[in-house]
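Me: Please take a close look at the charged side chains here. Keep it brisk, and give the cut-offs for each term as it comes up.

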Amino acid sequence: MLLYTEMIHAAAILRGDRSRLLAFDPEEHPLALQLGGSEPRELAAAARVGEEAGYDEINLNCGCPSERVASGAFGACLMHEPARVADCVAAMRATVSVPVTVKMRIGVLTASAREAPGAVARFDDEDFDALCGFVGRVSDAGCAAAIVHARKAVLGGLSPKDNREVPPLRYEVVRKLKRVFPALPMVVNGGLRTPSTVLEALAWCDGVMLGREAYHRPFVLAELQQALYPAAGQPTREAMLERMRAYAVRELAAGGRLAPIVRHMLGLYAGEPGAREYRRTLSEGARAPGAGPDLLRRAIPAKLPLMA
């Protein structure tokens with residue numbers, strides 16, 4: 001399992017508080033640093049800083065469709081500039097020894113909110129040729145893997161949330177792309193929420209990326225572990241909370257706060273009895289004066305046995 005950071009702009013790393021931006025816990029390895037940017041030198045310098053900080057992979061985001069990102073000439077709009085992206089990949093490859101990968105959409109277009117639904121409904125040979133042209137350029141530049149969100153991105157006409165829901169998922173496009181580039185490791189992303197759908201995808205691609213599903217329902221990762229490695233067994237939610245409690249002990253001792261830690265655990269009991277009370281206990285308790293790591297134990301739904 002490989003964990004990706006949120007996208008961090010290369011300029012923020014070079015001119016901001018890099019120790020804060022790049023901090024991570026050793027247990028998070030293997031860990032990929034996801035960069036935003038479009039200037040080869042700047043990205044290469046940020047990639048070098050990331051490698052020196054201990055990251056195991058550098059990923060260039062060419063899939064984020066937010067208006068703020070597009071206005072800064074990075075994210076999904078870069079799919080219109082395969083030569084520039086290839087230069088960025090080559091510059092990073094020449095600077096670091098860890099793999100450099102690219103995250104992308106199957107296509108990108110500019111449309112108004114009215115035009116967007118009709119525009120994303122189409123995916124023709126011209127669209128696929130453009131996608132192959134982009135992947136071919138970045139592959140030749142040294143891209144170690146393509147992480148492909150199986151939707152088009154719409155710039156201007158859809159919000160980031162709508163961009164995750166309105167454009168139809170086209171796994172068949174990623175599957176066809178894999179056939180065109182059999183030697184390039186390919187990871188499919190978008191709309192995969194259950195172990196069964198993940199296993200189906202792994203029958204034809206090299207990996208699967210989970211985004212918001214893993215955030216909103218983190219126990220899906222335990223379900224996937226059980227599906228992929230049955231002999232290893234499935235960790236319990238309570239065991240996960242105990243690991244997070246140990247993590248919280250370390251973070252609070254270093255001056256951190258409990259609230260930013262527990263908010264990532266709010267979905268752990270999603271769909272289970274006691275989930276609402278669990279969320280309330282965590283969210284309200286973390287804001288209380290003197291809140292400590294034991295809150296993670298106290299939040300376990302009462303009907304379940306507490307850990308010793």
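Reply: Arg15 forms a salt bridge with Glu42, with 3.1 Å between the closest N and O atoms. The pair links distant parts of the chain: Arg15 is in helix H1 (residues 10-15) and Glu42 in helix H3 (residues 40-53), 27 residues apart. A salt bridge here is a side-chain nitrogen of Lys or Arg within 4 Å of a carboxyl oxygen of Asp or Glu. Helices (H or I, at least four residues) and strands (E, at least two) are DSSP runs, numbered from the N terminus.

The model is predicted: local features need pLDDT of at least 70, side-chain atom pairs count only at pLDDT 80 or more, and totals for chains, interfaces and linings use all residues. Residues are numbered from 1 along each chain as its sequence is written, and side-chain values use heavy atoms, leaving out hydrogens and water.

Arg15 is exposed, at 62% relative accessibility. Glu42 is buried, at 17% relative accessible area. The cut-offs are under 20% for buried and over 50% for exposed, with partly exposed in between (1.4 Å probe, protein chains only).

In all, the structure holds 19 salt bridges. Another is Arg84 with Glu39, whose closest N and O atoms are 3.5 Å apart. Arg84 is in helix H5 (residues 82-93) and Glu39 in the loop between E3 and H3, so this pair ties together parts 45 residues apart in sequence. Both partners are partly exposed: Arg84 at 29%, Glu39 at 42%.

Arg245 bridges to Glu242, with the closest N and O atoms 3.3 Å apart. They are three residues apart in helix H13, so about one helical turn separates them. Arg245 is buried at 17%, while Glu242 is partly exposed at 21%. Elsewhere, shared partners join Asp25, Glu27, Arg243 and Arg250 into one salt-bridge network.

Which buried arginine has no salt bridge? It is Arg151, and its nearest side chain of opposite charge, Glu165, is 7.6 Å away. For charge, Lys and Arg count as positive and Asp and Glu as negative; His and the chain ends are not counted.

Arg151 belongs to strand E6 (residues 146-155). A polar atom of the Arg151 side chain lies 2.8 Å from the backbone oxygen of Pro167. Arg151 also touches residues beyond four places away in sequence, including Arg105, Gly107, Asn163, Glu165, Leu169 and Gly190. Contact means heavy atoms within 4.5 Å.

Take Gly107 from that list. Gly107 lies in strand E5 (residues 100-110) and is buried, at 12% relative accessibility. Not counting residues up to four places away, Gly107 touches Met79, Arg151, Lys152 and Ala153.

Two charges sit over aromatic rings. The charged end of Lys176 is over the ring of Phe128, 4.3 Å from its centre. Arg237 lies over the face of Phe219, 3.8 Å from the ring centre. Here NZ of Lys or CZ of Arg must be within 6 Å of the ring centre and within 35 degrees of the ring normal.

Note on methods
A polar contact is a pair of N or O atoms within 3.5 Å; within protein, one must be able to donate a hydrogen and the other to accept it, and residues adjacent in sequence count only if both atoms are side-chain atoms.
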